Amino acid sequence: MPLPFLQIVQKARDAFRSGCTRSVDFRERQLKQLLWMLEENTSEILEAVGKDLRKVRVYVLADDGVNFSVDSKQEALLLEVNVVINEIKSALFHLKEWTKPEKPSKGLVNAMDTVIIYNDPYGVVLIMGAWNYPFQLSLMPLVGAIAAGNCAIIKPSEVASASADLMARLIPKYLDQDCFQVVLGGVLETTMLLKEQFDYIFYTGSATIGKIVRAAANEHLTPVTLELGGKSPIYIDNTVDMGIAVRRILWGKCVNAGQTCIAPDYVLCSEAVRASFVAKAKEVLEEWYGSNVKSSPDFGRIASDKHFTRLQSFLNNGRIAVGGETDPSERFIAPTILTDVKPTDPIMQEEIFGPILPVINVDSPSDAISFITSRDKPLAFYIFTNNSKDMKMLVENVLCGGISCNDTFMHAAVDTLPFGGVGYSGMGAYHGVYSFNTFTHKKSFLGKNLNPIAEKLISARYPPYSERKINFLTFLLKKRKGFSLKCLPYLVVFGIGVVATILFRAISKVRANTVQSC
């Protein structure tokens, strides 16, 4: 029988309080174990992802029973397994560097002091994954949590049930069972879990559920990272190579059948650019998937009936210029481009999260900026132009989570860049060192010196107060750009004065003692 959530969290808290996760060696061992878990179980992971996201075909062999063949293997391998493996390796390469106490710069007033930033783990963290990339979005944050020295409760999405079940089976085999636990269940279990007190919560999913997670965290003043989504726009102008631009845009839209938080959500361009874009899109889709997209092994399916019905209703918005074919029995929706879409149409009111791409006409970069900034801040913004002036204007005037210029998706693959949203598209960031920082409390430390010279330097803060003390303290506390040699003569004179005073008093005391003894 599963442990009650209170006992699960307490078990992790007891493990954290034991101090075992603070050891860098322990963190390295757990990261290596997670790496081995992925490498040794790649086939099972691909099979589970295939079942959840309809990237799998089932066929029967006469002697061997039921077997599975994973379609879209490239997508599943690259975006569910390899991306997490690389994140783990990056953490292992840099772990000793990340965990070392930091020594920031210090001002003149602290010249004789020790100033340090310690990287402390938060404690017990809750990681809530999403169904569209069930392994990546549960395990990538876990890498950061382990590297930072935390214990973690992992709650995979119940929508991707095969992947969730596999994680629940594999993680206890490879990771420390007291420090890292998997909780399964749906809405009821998630609601109960959120009533427990955690030291940090990391959630990936919709803004609607994100608000619920934030509200639950507020009950305990728990810090959160919310990786949400939003309508990520594309701007295209007439300076691009349309053949290359269309390939990069459609790849970003068609990966995982558009069920990606940073998938391009709509296109902003002029009428002339739209005509060229649509014509080239027809050619590219034919090249990739053939004349019958549904029969292609490289195009996925929609994850649920509810999601399929919602997407199918969007096909009534505007005019279908490319695609539009559907099959409810397979939850199949072909890659579709819609034109003549109005900003007020339903498809423009929420994140699409599917293989449908509406096109809105704008006449200039300024019009595009006005359109985007009148809406919620997007998670990603994609700019396709060879005009550096326009690119600069668009980058500087659109607030969003991240930007790729002349490509889609790829900024999220650079682990030296933070990945995260802003405003309605989320808060906080991760990937690479930013994952480590997300799960780390930066604890400040100031170590003062008790020797007489150090005390003399700061004694002006004590009463009785005077103008001389005010002027001296103002000089010490004044912010300076770097270290200025102009201060050196004053410091030398002041130091000589302090030393002379101390020596004079010491000599006077010795003389007095000598006179008394005589």
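This is a predicted model: local features need pLDDT of at least 70, side-chain atom pairs count only at pLDDT 80 or more; totals for chains, interfaces and linings use all residues.
A residue counts as exposed when its relative accessible area is over 50%, and as buried when that area is under 20%.

Leu221 has a phi near 55°, a positive value in a residue other than glycine. Its place is the loop between α8 and β8 (224-227). Leu221 has a relative accessible area of 76%, and because the cut-off for exposure is over 50%, Leu221 is exposed. Ala257 also has a positive phi near 55° without being glycine. This residue belongs to the loop between α9 and β10 (264-269). Its relative accessibility is 0%, so Ala257 counts as buried.

A further backbone feature is the cis peptide bond between Pro463 and Pro464, where omega is about 0°. Pro464 sits in the loop that runs between α15 (452-458) and α16 (467-477).

The pockets come next. Rolling a probe the size of a water molecule over the atoms shows where empty space is left. The largest pocket holds about 1,400 Å³ of space. Its lining is made up of 47 residues, and those nearest the centre are Gly205, Ser206, Ala207, Thr208 and Ile209. Two or more lining residues come from each of α7 (187-193), β7 (200-204), α8 (207-218) and α11 (305-314). Of these, α8 supplies the largest share, four residues. By class, the lining consists of 21 nonpolar, 15 polar and 11 charged residues. The largest pocket lies between domain 1 (4-228 + 434-442) and domain 2 (233-423), because both domains give residues to its lining.

The second largest pocket contains about 840 Å³ of space. It is lined by 35 residues, with Leu78, Leu79, Trp251, Val255 and Phe409 closest to its centre. The elements giving two or more residues to this lining are α4 (73-99), α5 (136-147), α9 (242-254) and α10 (271-289). The most comes from α4, which gives eight residues. The lining of the second largest pocket divides into 22 nonpolar, eight polar and five charged residues. Domain 1 and domain 2 both contribute to the lining of the second largest pocket, so this pocket too lies between them.

Definitions and conventions. Residues are numbered from 1 along each chain as its sequence is written. Side-chain values use heavy atoms; hydrogens and water are left out. On a 1 Å grid over the protein atoms alone, a cavity is a set of points where a 1.4 Å probe fits but cannot get out, and a pocket is an open set with protein on both sides within 12 Å along at least five of seven lines; lining residues have an atom within 4 Å of a point. Grid points are joined across faces, edges and corners, and a volume is the space filled by probe spheres set on the points. Ala, Val, Leu, Ile, Met, Phe, Trp, Tyr, Cys and Pro count as nonpolar, Asp, Glu, Lys and Arg as charged, and the others, Gly among them, as polar. Domain bounds come from an automatic or database domain assignment. Buried means under 20% relative accessible area, exposed over 50%, partly exposed in between (1.4 Å probe, protein chains only).
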